[in-house]
Amino acid sequence: MGRAFVYVILGGGVAAGYAAHEFVKRGVSHGELCIISEEPVAPYERPALSKGYLLPEDPARLPAFHCCVGSNEERLTPKWYKENGIELVLGTRVKSADVRRKTLLTATGETITYKILIVATGARALKLEEFGVSGSDAESVCYLRDLADANRLVNVMQSSGGGNAVVIGGGYIGMECAASLVIGKINVTMVFPEAHCMARLFTAKIASFYEEFYRSKGVKFVKGTVLTSFDFDSNDKVKPVACFT
Ligand SMILES: Cc1cc2nc3c(=O)[nH]c(=O)nc-3n(C[C@H](O)[C@H](O)[C@H](O)COP(=O)(O)OP(=O)(O)OC[C@H]3O[C@@H](n4cnc5c(N)ncnc54)[C@H](O)[C@@H]3O)c2cc1C
């Protein structure tokens, strides 16, 4: 028989951190609440990963951006969870849930029982393979969703010594990454299928203001097209990126 809790939050991201803060404010008892997360660290402000985390100088690093600094609340470090009697089960993937028996089975084989389950498993990055483009595993292809992705991107940026980057996607995260790459003295080309950047949020006029500003910093835009394939060199590094024209 494994551990048992009144409340279990499945997922240890932003929602879990803020929920834990609220539980404590409302007076949860020690030992009642548990957070299970696949990630190896306590909940943190994920938005920092495409902002301060990527800066070449004085980059943001944990524990500086644990939840809930994003809303100017206290910073919930692992010590805070301990002091408040909240169990953090980190680096642990839940592989199945039995909602009738109110149990979760972890990838390590432990059964964790709950009375109330809060599912906060968030989202994941879509992989290139899901669009019919292979090459996600190449050394120089980076995604950005969690801390491990951000560390990988930082390593690639640092080891590139300038060079060229293609940012696929013209939404918030693509625009923020492009800005960090430029600050890191890397030449950036952005590729996205829409007619302008931030298409779900910006009008064409507002977008053109931002695109002009980015152009003034050297960013090139390839718009209205999608990535179709990569070419690789003998070191498994991506060379040209092919797009529909
Ligand atoms: C780079 C980046 C920048 C962003 N910038 C902004 C921004 O500026 N402003 C903004 O409003 N939003 C931003 N977002 C979006 C914001 O981070 C998300 O909306 C937010 O993280 C959602 O919180 P969540 O707790 O629902 O999910 P997440 O934070 O994704 O957390 C989900 C957690 O569940 C865990 N998990 C999933 N499945 C399992 C499982 N089976 N077992 C155990 N654990 C599991 C994951 O490992 C993860 O820890 C950004 C996102 C990214 C990736």
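Q: How many aromatic pairs does a search of the whole structure find?
A: The search finds seven aromatic pairs. Rings of Phe, Tyr and Trp (its six-membered ring) pair if their centres lie within 6.5 Å; planes under 30 degrees apart count as stacked, over 60 as edge-to-face and the rest as tilted. The model is predicted: local features need pLDDT of at least 70, side-chain atom pairs count only at pLDDT 80 or more, and totals for chains, interfaces and linings use all residues. Residues are numbered from 1 along each chain as its sequence is written, and side-chain values use heavy atoms, with hydrogens and water left out.

Q: Why is the pair of Y53 and F65 called edge-to-face?
A: The ring centres of Y53 and F65 are 5.8 Å apart and the planes stand at 80°, so the pair is edge-to-face.

Q: Which parts does this pair tie together?
A: Y53 and F65 each lie in the loop between β2 and α2 (78-83), so the pair ties together parts that are twelve residues apart in sequence. Helices (H or I, at least four residues) and strands (E, at least two) are DSSP runs, numbered from the N terminus.

Q: What makes Y53 count as buried?
A: Buried means under 20% relative accessible area, exposed over 50%, partly exposed in between (1.4 Å probe, protein chains only). Y53 has a relative accessible area of 4%, and is therefore buried. F65, at 5% relative accessibility, also counts as buried.

Q: Which residues form one aromatic cluster with Y53?
A: Y44 and F65 form one aromatic cluster with Y53.

Q: Where does R61 lie relative to the ring of Y53?
A: R61 lies over the face of Y53, at 3.8 Å from the ring centre. A charge sits over a ring if NZ of Lys or CZ of Arg is within 6 Å of the ring centre and within 35 degrees of the ring normal. K127 lies over the face of Y143, at 4.1 Å from the ring centre.

Q: Why is V28 called buried?
A: V28 has a relative accessible area of 14%, so V28 is buried. V28 lies in the loop between α1 (14-25) and β2 (33-36).

Q: Which residues does V28 touch, not counting residues up to four places away in sequence?
A: V28 touches Y7, F23 and L33. Contact means heavy atoms within 4.5 Å.
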